[in-house]
Amino acid sequence: MDPRNELHTLDFKECFELLRTQSVGRLVFTEQALPAIRLVNYSLFNGEIALRIGRSPRIPRLDRAVVAFEVDNIDSTARSGWSVVVIGKARQVVDIDELVMLCDPAHRPWASGGGDQVLCVDTEQVTGQRFPLALG
């Protein structure tokens, strides 16, 4: 097999560099004993993934829950891309000073609904892979 066609495992630093290039990812959690996935805007803040989410009864239930967060970038024309997965504990942000910093208009969510709740995910485990350009 051509080594240029093999998956490349990304280190922690590479994963965070790639996370900084995007603003949308997928939050993966358990809801009523079933897997659930939600597309969310995010930013990086003090080594955590910060998610601004509209009012939802699920936010308090996610406080201290183990969740996954996935971001990828795929170029279907070049047949290449990357994927980063973060696994960690979620925490609902309630500290007013932290909320003010995280609710900066530059980090405004795309979806309507205000994004007045903030959930942060710590980065206990960070893994990533780069998919190579298919050479034939």
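Strands are DSSP runs of type E with at least two residues, helices are runs of H or I with at least four residues, and both are numbered from the N terminus. Two strands pair if DSSP finds at least two bridges between them. The model is predicted, so local features need pLDDT of at least 70 and side-chain atom pairs count only at pLDDT 80 or more, while totals for chains, interfaces and linings use all residues. Residues are numbered from 1 along each chain as its sequence is written, and side-chain values use heavy atoms, with hydrogens and water left out.

Strand E7 (residues 80-92) pairs with strand E6 (residues 66-75) in the antiparallel sense, over 10 bridges. Within this pair, Asp72 has Ser83 of E7 as its bridge partner. The two strands, E6 and E7, form a hairpin with four residues between them. Arg79, in the turn, has a positive phi of about 55°.

E7 is also joined to two further strands. Seven bridges link E7 to strand E9 (residues 125-131), and the two run antiparallel. Here Val85 has Thr127 in E9 as its bridge partner. Strand E8 (residues 117-121) runs antiparallel to E7 and is joined to E7 by three bridges. Arg91 stands opposite Cys120 of E8.

Cys120 is buried, with a relative accessible area of 0%; buried means under 20%, exposed over 50%, and partly exposed in between, with a 1.4 Å probe and protein chains only. Cys15 also counts as buried, because its relative accessibility is 0%. A disulfide is a pair of cysteine sulfur atoms within 2.5 Å. A search of the whole structure finds zero disulfides.
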